[in-house]
Amino acid sequence: MDKAIHTAMSGAVRTMQAQQQHANNLANVNTGGFKADYSQAVANALPGEGMPTRVMVQTGDVWSDFAAGAMQQTGRSLDVALATPGFLQVNDIGGEPAYSRGGSLTLSAEGMLADASGHLVMGQNGPVEIPPHEQLLIGEDGTISILPEGDNEMAVIDQLQLVNAEQPLIKGTDGLFRTENGAPPVADPTVRLASGFIEASNVNSVREMVSFMSLNRQFEMQLKVMSTSRDMAAAGDVLLRG
């Protein structure tokens with residue numbers, strides 16, 4: 001019976017991991033710029049002597065869906081949505097470069113431009129610092145212009161660092177993307193922004209709920225297999241004892 005128990009147990013563990021992933025997608029259905037995460041289950045035979053009859057279910061490839069989310073108009077001057085493929089460059093909590101499509105930007109008390117999670121947004125020469133101003137505009141190419149206090153003429157102060165990745169990106173636990181080999185993506189002048197908009201999450205809540213319920217049924221079936229295997233083993237033990 002151990003073969004059935006091994007298969008069902010590994011399947012149950014994998015199902016719980018998939019449920020956590022879909023639950024995280026659902027939790028971020030209203031997070032601007034969020035990209036849904038998915039993974040693939042693979043069957044691997046257990047190594048050892050004898051016939052390869054024991055199979056374990058393991059997580060295979062993990063990836064993010066980079067399909068664009070819907071554009072939501074906010075009218076807020078600090079909100080930007082990426083209208084083309086590409087990313088904003090930010091600094092993570094450790095000061096290392098990372099990449100995001102979350103365009104709900106804020107200003108800190110020190111005048112530093114940051115994303116909704118507080119990560120500093122990068123310009124052409126480092127983190128973007130916004131001087132005191134009466135008006136702020138972000139152009140479609142990422143150019144930041146302000147009307148300084150006491151002045152009547154707009155001035156360009158910086159340009160957002162907009163990049164595109166030529167190599168696969170992986171998502172960290174902080175929700176930011178990074179390159180697999182650590183090489184920075186290249187600056188891309190063709191990336192365009194829509195000011196006064198944010199990109200909504202691309203999570204399909206109905207599909208995620210259906211997947212979650214399906215996984216819940218799978219988990220119950222796998223527990224039933226383990227329970228049945230235990231009962232069969234107990235019955236066999238009784239027969240052997242006479």
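## Starting at Gln89

Leaving out residues up to four places away in sequence, Gln89 touches Pro97, Ala98, Tyr99, Leu120, Val121, Met122, Gln161 and Val163, where contact means heavy atoms within 4.5 Å. Gln89 sits in strand 5, which covers residues 87-91. Helices (H or I, at least four residues) and strands (E, at least two) are DSSP runs, numbered from the N terminus. With a relative accessibility of 14%, Gln89 counts as buried; buried means under 20% relative accessible area, exposed over 50%, and partly exposed in between, using a 1.4 Å probe and protein chains only. Tyr38 is 51 residues away from Gln89 in sequence, and their C-alpha atoms are 24 Å apart in space.

A quick word on where all this comes from. This is a predicted model, in which local features need pLDDT of at least 70 and side-chain atom pairs count only at pLDDT 80 or more, while totals for chains, interfaces and linings use all residues. Residues are numbered from 1 along each chain as its sequence is written, and side-chain values use heavy atoms, with hydrogens and water left out.

## The whole chain

Step back, and the protein chain shows two helices and 19 strands. Its radius of gyration is 25 Å, well over the 18 Å that the globule rule gives for 242 residues, so the chain is more spread out than a compact globule. That radius is taken over C-alpha atoms, and the globule rule is 2.2 Å times the number of residues to the power 0.38. Along the principal axes, the C-alpha atoms fill a box of roughly 100 × 35 × 30 Å.

How much of the chain is buried? Of its 242 residues, 36% count as buried. If you take the contacts between residues at least 6 apart in sequence, 60% of them join residues at least 24 apart. The accessible surface comes to about 13600 Å², and 56% of it belongs to carbon and sulfur atoms. Those areas come from the Shrake-Rupley method with a 1.4 Å probe, and for residues, only the protein chains shown count as cover.

As for charge, the chain carries 14 positive and 27 negative side chains, and the centres of the two sets lie 19 Å apart. Lys and Arg count as positive and Asp and Glu as negative, while His and the chain ends are not counted. Each charge is placed at NZ of Lys, CZ of Arg, CG of Asp or CD of Glu.

## Salt bridges

A salt bridge here is a side-chain nitrogen of Lys or Arg within 4 Å of a carboxyl oxygen of Asp or Glu, and the count by this rule comes to eight. One of them pairs Glu199 with Arg101, with the closest N and O atoms 2.8 Å apart. Glu199 lies in strand 19 (residues 197-199) and Arg101 in the loop between strand 6 (97-100) and strand 7 (106-107), so this pair ties together parts that are 98 residues apart in sequence. Both Glu199 and Arg101 are buried.

Now try Arg178 and Asp174, whose closest N and O atoms are 2.7 Å apart. Arg178 is partly exposed at 22% relative accessible area, and Asp174 is partly exposed too, at 33%. Arg230 and Asp231 also form a salt bridge, with their closest N and O atoms 3.6 Å apart. Arg230 counts as exposed at 54%, whereas Asp231 is partly exposed at 45%. There is a network as well: salt bridges that share partners join Lys35, Arg101 and Glu199.

## Ser64 and Ala36

Ser64 is found in strand 2 (residues 55-64) and is buried, with a relative accessible area of 14%. Setting aside neighbours within four places in sequence, Ser64 is in contact with Lys35, Ala36, Asp37, Lys171 and Phe177. Phe34 is 30 residues from Ser64 in sequence, with 9.6 Å between their C-alpha atoms.

Where does Ala36 sit? Ala36 is in the loop between helix 1 (2-27) and strand 1 (37-45). Ala36 is buried, at 0% relative accessible area.

## Leu162

Leu162 belongs to strand 14 (residues 162-164) and is buried, with 5% relative accessible area. Beyond neighbours within four places in sequence, its contacts include Phe87, Leu88, Asp141, Gly142 and Val186. Gln124 is 38 residues away along the chain, and the C-alpha atoms of Leu162 and Gln124 are separated by 9.3 Å.
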